[in-house]
Amino acid sequence: GDARVRGQTGVVSERRGSYPFIDFRLLNNTTLSGEIGTKKKVKRLLSFQRYFHASRLLRGIVPQTSLYLLDEDYLGQARHMLSKVGMWDFDIFLFDRLTNGNSLVTLLCHLFNVHGLIHHFQLDMVTLHRFFVMVQEDYHSQNPYHNAVHAADVTQAMHCYLREPKLANFLTPSDIMLGLLAAAAHDVDHPGVNQPFLIKTKHHLASLYQNMSVLENHHWRSTIGMLRESRLLAHLPKEVTQDIEQQLGSLILATDINRQNEFLIRLKSHLDNQDLRLEDAQDRHFMLQIALKCADICNPCRVWDLSKQWSERVCEEFYRQG
């Protein structure tokens with residue numbers, strides 16, 4: 001099992017996430033439901049109000065991933081794969097094994113460096129790494145599909161789209177950073193069940209967001225909470241950080257599958273009228289929304305070996321919900 005999420009007894013440990021842990025064992029064992037329910041008192045707040053007293057960041061401890069415990073053969077293979085990170089047949093599953101489950105952190109560090117974002121935004125490398133670790137750890141490794149590997153896969157696909165000449169020639173460093181951050185965090189703290197499940201079970205997140213883009217709103221707010229907690233952008237002017245937070249929300253909310261027609265109709269209109277002007281910030285943002293939506297559901301367009309694995313994972317996750 002995953003040592004990061006399982007204790008010595010083999011039971012999934014408490015998380016930093018904001019919602020009550022959905023324990024599927026309750027569906028199979030009714031005799032223990034009262035006992036388990038008593039033990040698992042819900043004390044969590046919203047994502048941006050997590051257990052600050054338990055945060056390693058506030059204790060001044062730099063999170064150490066097990067990446068540095070790998071031998072040079074594995075590290076060498078991971079570095080070699082990163083040299084081909086812009087290829088569509090990039091095997092994210094192999095890359096995750098080579099980085100010992102740290103594919104998202106390793107990929108983001110590499111891409112932020114490749115795109116010159118660290119220098120452009122004067123980001124502190126230690127703080128940046130801390131933030132990436134927070135994002136990766138807030139994904140649920142027990143989810144077959146909506147986990148950190150999916151986030152890394154979407155981020156790699158977004159990188160491929162950002163390199164497309166017709167788009168790349170117009171993108172600003174801010175556009176690139178927003179695209180990568182939104183891709184990395186677009187499903188953060190995903191419970192492994194969909195919106196109808198949350199609504200029908202009267203989950204508190206459904207009530208909080210009035211049954212509208214429940215998961216997407218939660219992913220966005222969780223991301224903002226981690227950004228503020230890490231203080232990654234604290235050195236930037238307040239109006240800049242506010243704009244980044246709002247644009248991140250616009251990108252992540254665009255992944256709501258219920259809004260699919262809205263974006264398809266608008267894209268078709270632009271293509272028919274040939275009126276896309278990528279010099280315009282609004283049109284560039286719209287194309288980033290389209291790119292993120294494509295990256296999020298691009299699994300069937302991957303090479304067969306990768307596509308098949310993703311199909312099996314998403315079927316397994318839906319089966320568990322059912």
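The legends below describe close-up views of a predicted model.

Residues are numbered from 1 along each chain as its sequence is written, and side-chain values use heavy atoms, with hydrogens and water left out. Local features need pLDDT of at least 70 and side-chain atom pairs count only at pLDDT 80 or more, while totals for chains, interfaces and linings use all residues.

**View 1. Helix α7 and its packing partners.**
Helix α7 covers residues 125-137. Helices are DSSP runs of H or I with at least four residues, strands are runs of E with at least two, and both are numbered from the N terminus. The 13 residues of α7 reach 18 Å from first C-alpha to last, close to the 18 Å expected at 1.5 Å a residue. That expected span is 1.5 Å times one less than the number of residues. Buried positions in α7 are T127, L128, H129, F131, F132, V133, M134, V135 and Q136. Buried means under 20% relative accessible area, exposed means over 50%, and partly exposed falls in between (1.4 Å probe, protein chains only). The buried residues of α7 pack against α5 (103-114), α6 (117-120), α8 (148-162), α10 (173-185) and α13 (214-230). At the start of α7, a side-chain oxygen of D124 comes to within 3.3 Å of the backbone nitrogen of V126.

**View 2. The annotated binding-site residues.**
An unreviewed UniProt entry places the feature "binding site" at H150, H186, D187 and D296. These positions are spread over 147 residues of sequence, yet they cluster in space, with a largest C-alpha distance of 10.0 Å. UniProt positions follow the numbering used here, feature names are shortened, and annotations may be inferred rather than shown by experiment.

**View 3. D187 and D296 around H186.**
D187 sits in the loop between α10 and α11 (195-200). D296 belongs to helix α16 (residues 281-296). Both side chains make polar contacts with H186: D187 at 3.0 Å, and D296 at 3.0 Å. A polar contact is a pair of N or O atoms within 3.5 Å; within protein, one must be able to donate a hydrogen and the other to accept it, and residues adjacent in sequence count only if both atoms are side-chain atoms. D187 is buried, at 7% relative accessible area. D296 is buried too, at 13%. Leaving out residues up to four places away in sequence, D187 touches Y139, H146, H150, H219 and D296. With that exclusion, D296 touches Y145, H150, V154, H186, D187 and T255. Contact here means heavy atoms within 4.5 Å.

**View 4. H146, the annotated active-site residue.**
The "active site" annotation, from an unreviewed UniProt entry, covers H146. H146 lies in the loop between α7 and α8. The residue counts as buried, at 14% relative accessibility. Residues up to four places away in sequence aside, H146 touches Y139, H140, D187, H190 and E317.

**View 5. D153 and R302.**
D153 is part of helix α8. Its relative accessible area is 2%, so D153 is buried. The side chain of D153 makes a polar contact with the side chain of R302, at 3.2 Å. Beyond its neighbours within four places in sequence, D153 is in contact with I92, C298, N299, R302 and W310.

Side chains of opposite charge can pair when their charged atoms come close. A salt bridge is a side-chain nitrogen of Lys or Arg within 4 Å of a carboxyl oxygen of Asp or Glu. By this rule the count is 7 salt bridges. One of them joins D272 and K268, at 2.9 Å from N to O. Both residues lie in α15 (residues 260-273), 4 residues apart, about one turn of the helix. D272 is exposed, at 51% relative accessible area, and K268 is exposed, at 51%. Another salt bridge links E316 and R320, whose closest N and O atoms are 2.9 Å apart. These two are about one helical turn apart because they are 4 residues apart in α17 (residues 304-321). E316 is partly exposed, at 33%. R320 is partly exposed, at 38%.

**View 6. The E262 and R259 pair.**
E262 forms a salt bridge with R259, with the closest N and O atoms 2.8 Å apart. At 44% relative accessibility, E262 is partly exposed. R259 is partly exposed, at 24% relative accessible area.
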